[in-house]
Amino acid sequence: MMLEWLHKLGLPPVASVHGVAVDVAQAGVHWLMLVLFVGWMGYFIFVLFRFRRSRNPQANYQGVKSHFSTYVEVAVVVAEAVLLLGFSIPMWRQRVEAFPSASQATVIRIVAEQFAWNIHYPGPDGIFGRTDPKLIDLTSNPLGLDRNDPNAMDDITNVNQLHLPVNKPVIIHLSSKDVIHSFGIPQMRIKQDAIPGMSVPIWFTPSVTSEEMKKKTNDDKFQYQIACAQLCGLGHYRMAGYVTIESQEAFDTWLDEQGAKAQTSGDDAFWL
Amino acid sequence: MSSGHHEHSEQQEHHAEPGFWQKYVFSTDHKVIGLQYGFTALCFLFFGFLLMLLMRWQLAFPGQALPVIGKFFSDSSMPGGIMLPEFYNSLGAMHGTIMVFLGVVPLAVGAFGNYVMPLQIGAVDMAFPKINMASYWAFFVGGVVMLVSFFVPGGAANSGWTSYPPLAELATTGQTLWLLGMVFLITSSLLGSVNFIVTIIQLRVKGLSFMRLPFFVWAQFVTAFLLLLAFPPLEAAGVLQLMDRLAGSSFFLPSGLVVSGQLMHNSGGGTPILWQHLFWFLAHPEVYVLILPALGIVAEIIANNTRKPLWGYKSMVYSLIFLGFMSFIVWAHHMFMTGMGTVINAFFQTTTMIISVPSVIVLSCLFLSLWGGSIRFNTPMLFALAFLPMFGIGGLTGLPLGLTTTDLHLHDTYYVIGHFHYVVAPGTIFALFAGIYYWFPKATGRKMNEVLGKLHFIGSFIFINGVFMPMFIQGLAGVSRRLFDGGASYYHAGPVLKLNVMMSVSAWCLALAQLPFIINFFYSMFAGEKVTSDNPWQSTTLEWATPTPPPHGNFTFTPEVVRGPYEYSVPGESSDFLPQYQPVKG
């Protein structure tokens with residue numbers, strides 16, 4: 001029920017496997033908050049009415065004698081402990097330790113820059129080619145990919161267009177070229193800062209394709225987006241990436257097309 | 001009495017009548033310094049608020065020219081009245097900086113702490129009056145530097161009040177001035193905190209044991225320790241960032257940075273995360289610097305206006321100390337999304353949940369103190385009462401942010417903005433208003449007008465919720481913070497985008513709701529109803545034992561404390577309050 005209320009308020013529909021558990025925790029915490037707030041407010045309003053000066057001209061030196069508040073505090077501690085130990089810590093462990101094996105997953109690199117998301121697929125060989133900051137060229141080679149490296153021959157790069165197959169785990173190695181950005185897809189309940197000098201892996205499993213989501217939300221314009229969540233300069237507000245979740249077949253077809261384009265154009269400027 | 005007393009009496013003998021400059025400008029009197037802090041901080045608070053009003057125009061009507069006022073801005077900030085994103089970012093960074101470091105802290109600690117605390121402990125002045133003066137002037141210079149930064153090429157700092165590198169290190173000259181300004185502000189706070197600690201330990205009047213201290217003094221005491229221990233790392237970090245910007249070092253810059261397609265030739269080897277640790281090691285305790293004095297003010301006013309002792313005074317004091325301690329080991333919950341392993345993450349989640357316990361205890365005690373009271377609904381009490389549920393909302397909405405699972409969705413969204421504004425704006429700032437209405441008669445000898453006061457309260461209460469409540473909804477929808485167009489670039493923001501107009505209109509109405517306060521403040525100062533007693537609220541604490549307003553040296557007699565701070569409605573007594581300094585009968 002709480003989850004329905006949160007969705008009504010604005011919580012976007014969930015579209016990843018672990019996201020369901022995130023939402024359960026979200027609902028749980030909000031229940032705790034609501035119960036405490038309503039309880040306190042009921043008491044508060046009653047007291048303001050009951051103990052106003054005109055009704056109660058003589059204050060009582062002792063005040064409250066019951067131990068009810070102690071029980072409330074103990075209950076709060078117990079509820080917090082359950083949320084913490086039952087949900088939050090195990091879930092975090094799952095997010096940062098229980099990575100799927102690379103062979104079972106779609107593995108990509110994403111390198112953020114002011115104000116775009118560079119997306120790097122390893123290509124059919126499954127190995128990322130060498131990159132070097134010295135090779136970076138803003139228009140022709142934003143990732144600094146060394147095309148002379150044999151592993152880089154079949155690599156596919158792209159700006160702001162992230163395609164992923166549905167129901168297959170995705171591992172993203174996230175980094176940044178310049179300042180700190182933050183990679184988030186609200187429907188996937190995923191977020192991670194992209195920090196220069198560090199490569200941080202994240203993983204999730206998309207469970208609803210873009211087309212299915214269009215039907216579910218009854219909106220043809222539905223669009224998954226990468227939202228930058230960390231202030232990264234004057235273009236922070238428009239640093240949106242576009243995410244397409246599709247069937248494995250559609251994804252493979254798309255990837256082949258991208259590979260062919262990269263071969264024919266000779267550099268990585270095909271997307272311009 | 002300690003040496004501070006002697007030193008002061010000597011000074012008084014030698015300089016019986018200080019001249020104008022010494023009396024009102026370069027004064028060493030804690031009350032004058034308190035008022036200087038108060039006026040300056042109120043001006044900055046208002047200025048910081050104006051910055052936000054400008055931002056709210058852009059958020060409600062992105063890309064549209066601001067009518068009338070827009071013409072007064074330069075082409076580098078609002079050409080044709082249309083705001084540039086650089087300027088928006090400057091406004092955001094400076095709103096945060098000014099509200100926290102130049103508004104709320106100086107008002108809560110510099111003004112109320114300086115004015116009220118020495119009176120409440122029966123001291124003639126602070127332990128180090130000249131250091132006190134230096135503290136104010138360092139603050140003043142810091143404020144001037146921050147203001148000047150608006151006029152340098154590129155405008156004021158625009159990398160958020162958190163100034164994360166590398167963004168802050170690539171930013172325009174305004175950032176250098178921000179860092180210099182911060183060095184002055186931090187120095188000011190450090191000077192102040194040492195003074196507060198020594199004063200509270202050394203200058204308490206006879207009989208005023210620690211467990212007889214008014215809760216406000218306890219709050220200032222713990223706050224001073226937080227400032228003393230948390231600020232130095234940021235001062236160091238600020239200097240390191242200055243070195244990075246000016247001297248070519250790379251404390252916070254990794255190797256191989258490529259900015260706008262150009263490889264940067266910095267020496268590298270640094271890490272931006274180091275700055276975040278140093279920054280939040282200050283900035284989390286800083287949250288409690290903002291909130292503890294507010295709790296102190298609210299506790300004083302609630303005890304006074306319920307006419308009964310605070311419920312659970314001792315639990316409140318112990319919770320306060322525990323809060324202060326815990327506030328040093330929760331900082332990395334601001335960094336949950338930087339890529340943490342399970343152990344570190346579990347540690348900071350756990351400490352964050354633990355720190356909610358003493359907060360709940362203090363808040364519960366304040367709520368329970370109302371039970372059995374004889375509640376007077378005057379203006380200070382209305383603000384103090386409103387503080388309780390508002391701070392409650394702020395605290396409760398901290399829970400889903402403190403648990404990493406739920407924070408995954410909410411981190412760096414408007415939910416965060418709603419959360420901390422509930423703590424600081426309708427929380428702390430309401431408490432500060434309560435304090436102004438409450439202690440105004442002591443400082444001026446005149447009461448503030450009740451009708452205008454209540455008008456101010458009702459307007460503020462309604463509209464401040466109109467500003468901040470919708471932020472939780474936008475946050476749930478996943479709208480990131482610090483977006484120049486308020487989220488218009490994003491599909492998921494679509495359904496909640498219209499709330500921006502409502503929030504902005506509320507913000508502008510909130511500004512109008514401050515007019516009764518401003519009028520009341522100046523009117524009452526010169527023409528308000530004169531108080532007929534030195535203790536108009538019939539309070540128990542020592543500040544009301546002084547003449548009104550208190551002269552240089554404060555007390556006309558040497559008070560001795562014989563009982564606890566809140567002996568209201570003691571059974572068998574004819575009066576409903578027994579001041580701490582009133583001798584025991586018989």
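In which handedness of crossing does α3(B) pass α4(B)? Keep that in mind while you set up the view.

This is a predicted model: local features need pLDDT of at least 70, side-chain atom pairs count only at pLDDT 80 or more, and totals for chains, interfaces and linings use all residues. Residues are numbered from 1 along each chain as its sequence is written, chains are lettered from A and ligands numbered from 1 in written order, and side-chain values use heavy atoms, without hydrogens and water.

**Stop 1: two helices in chain B**

Select residues 30-60 of chain B, helix α3, and residues 85-120 of chain B, helix α4. Helices here are DSSP runs of H or I, at least four residues; strands are runs of E, at least two; both are numbered from the N terminus. The two axes come within 7 Å and cross at roughly 155°. That makes α3(B) roughly antiparallel to α4(B) (angles over 145 degrees; under 35 is roughly parallel, 65 to 115 roughly perpendicular, the rest oblique). Axes are lines fitted to C-alpha atoms over the stretch in contact, with angles from 0 to 180 degrees between N-to-C directions. The crossing is left-handed: the near helix is turned anticlockwise from the far one by less than a right angle. The contact residues divide into 28 nonpolar, 10 polar and one charged.

**Stop 2**

Contact means heavy atoms within 4.5 Å.

**Stop 3: chain B against chain A**

Now display both chains. 95 residues of chain B are in contact with 90 residues of chain A. The buried area is about 8,000 Å², of which carbon and sulfur atoms give 68% (accessible area, 1.4 Å probe, lost on putting the two parts together, summed over both).

**Stop 4: salt bridges**

Across this interface the rule finds one salt bridge (a Lys or Arg side-chain nitrogen within 4 Å of an Asp or Glu carboxyl oxygen). Select A:R53 and B:D576: their closest N and O atoms are 3.8 Å apart. Over all chains the count is 12. Finish at A:R130 and A:D146, with closest N and O atoms 3.0 Å apart. Both sit in the loop between β2 (116-121) and β3 (156-159) of chain A, 16 residues apart.

Terms used: Nonpolar A, V, L, I, M, F, W, Y, C, P; charged D, E, K, R; others polar.
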